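Please walk through this model with me, one group of contacts at a time. Keep the viewer open and follow along.

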Amino acid sequence: MSLSRFRCLARAPGLEGLKDILRTMRSAFPDLDFSIKEQIAEGDKVASRFEWTGTHEREFLGVPATGRHVRVWGIVMDRLEAGRIRDTRIIMDSLGLMMQLGVFPPPAA
């Protein structure tokens with residue numbers, strides 16, 4: 001699989017970029033469900049550990065629908081300003097997702 005398929009999902013920065021990502025994910029995983037597992041706030045920053053699940057029903061990042069149910073973890077770091085999110089950094093287990101979709105084999109034991 002070519003690395004060029006791992007293009008950025010966001011087409012715009014900020015809230016519009018987040019909306020793009022969620023629309024793309026919701027299209028590929030119609031039963032998408034996010035769950036916040038833990039959240040820590042200090043000063044103007046909030047860290048959220050999350051998990052999402054869904055069934056791969058449509059193409060996603062160049063991967064045709066597999067019908068597989070996936071569970072993916074991630075962490076979001078938000079910086080707040082005047083009570084609104086100003087900056088966001090998302091770390092998600094994309095490799096784990098691709099292994100669950102069968103794109104990459106799991107590591108040898």
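What follows moves from a hairpin to aromatic rings, then to a loop and to charged pairs.

This is a predicted model, so local features need pLDDT of at least 70, side-chain atom pairs count only at pLDDT 80 or more, and totals for chains, interfaces and linings use all residues. Residues are numbered from 1 along each chain as its sequence is written, and side-chain values use heavy atoms, with hydrogens and water left out.

Helices (H or I, at least four residues) and strands (E, at least two) are DSSP runs, numbered from the N terminus. Strand S3 covers residues 69–81, and strand S4 covers residues 84–92. The two run antiparallel and are joined by eight bridges. Two strands pair if DSSP finds at least two bridges between them. Glu81 stands opposite Arg84 in S4. Two residues lie between the strands of this hairpin.

Look at the turn itself. Ala82 lies in the loop between S3 and S4. Its phi is positive, about 55°, although Ala82 is not a glycine. Most residues other than glycine have a negative phi. Ala82 counts as exposed, at 79% relative accessibility. The scale is this: buried means under 20% relative accessible area, exposed over 50%, partly exposed in between, with a 1.4 Å probe and protein chains only.

A second residue has a positive phi. Leu61, not a glycine either, has a phi of about 50°. Leu61 is found in the loop between S2 and S3. Its relative accessible area is 11%, so Leu61 is buried.

Now the aromatic rings. How many aromatic pairs does a search of the whole structure find? The search finds four. The rings of Phe29 and Trp52 have centres 5.0 Å apart and planes at 70°, so this pair is edge-to-face. Phe29 sits in the loop between helix H1 (14–28) and strand S1 (33–42), while Trp52 is in strand S2 (residues 45–55). The pair links distant parts of the chain, 23 residues apart. Phe29 is buried at 0% relative accessibility. Trp52 is buried too, with a relative accessible area of 0%.

Another pair joins Phe34 and Phe50. Their ring centres are 5.8 Å apart and their planes are at 50°, so the pair is tilted. The criteria apply to rings of Phe, Tyr and Trp (its six-membered ring): centres must lie within 6.5 Å, and planes under 30 degrees apart count as stacked, over 60 as edge-to-face and the rest as tilted. Phe34 lies in strand S1 and Phe50 in strand S2, so the pair ties together parts that are 16 residues apart in sequence. Phe34 is partly exposed at 40% relative accessibility, whereas Phe50 is buried at 6%. Phe29, Phe34, Phe50, Trp52 and Phe60 form one aromatic cluster.

Move on to His56, in the loop between S2 and S3. Is His56 buried or exposed? At 0% relative accessibility, His56 is buried. Its side chain makes a polar contact with the side chain of Thr66, at 3.0 Å. A polar contact is a pair of N or O atoms within 3.5 Å; within protein, one must be able to donate a hydrogen and the other to accept it, and residues adjacent in sequence count only if both atoms are side-chain atoms. Contact means heavy atoms within 4.5 Å. Leaving aside neighbours within four places in sequence, the contacts of His56 include Phe29, Thr66 and Leu101.

Finish with the charged side chains. The structure holds six salt bridges. Each is a side-chain nitrogen of Lys or Arg within 4 Å of a carboxyl oxygen of Asp or Glu. Asp20 and Arg23 meet in one of them (2.9 Å, N to O). They are three residues apart in helix H1, so about one helical turn separates them. Asp20 is buried, at 12% relative accessibility.

Arg49 and Glu38 form another salt bridge (3.1 Å, N to O). This pair links distant parts of the chain: Arg49 in strand S2 and Glu38 in strand S1, eleven residues apart. Arg49 is partly exposed at 39% relative accessibility, and Glu38 is partly exposed at 40%.

The side chains of Arg79 and Asp87 meet in a salt bridge (2.5 Å, N to O). Arg79 is partly exposed at 25% relative accessibility, and Asp87 is partly exposed at 32%. Arg79, Glu81, Arg86 and Asp87 are linked in a network of salt bridges.
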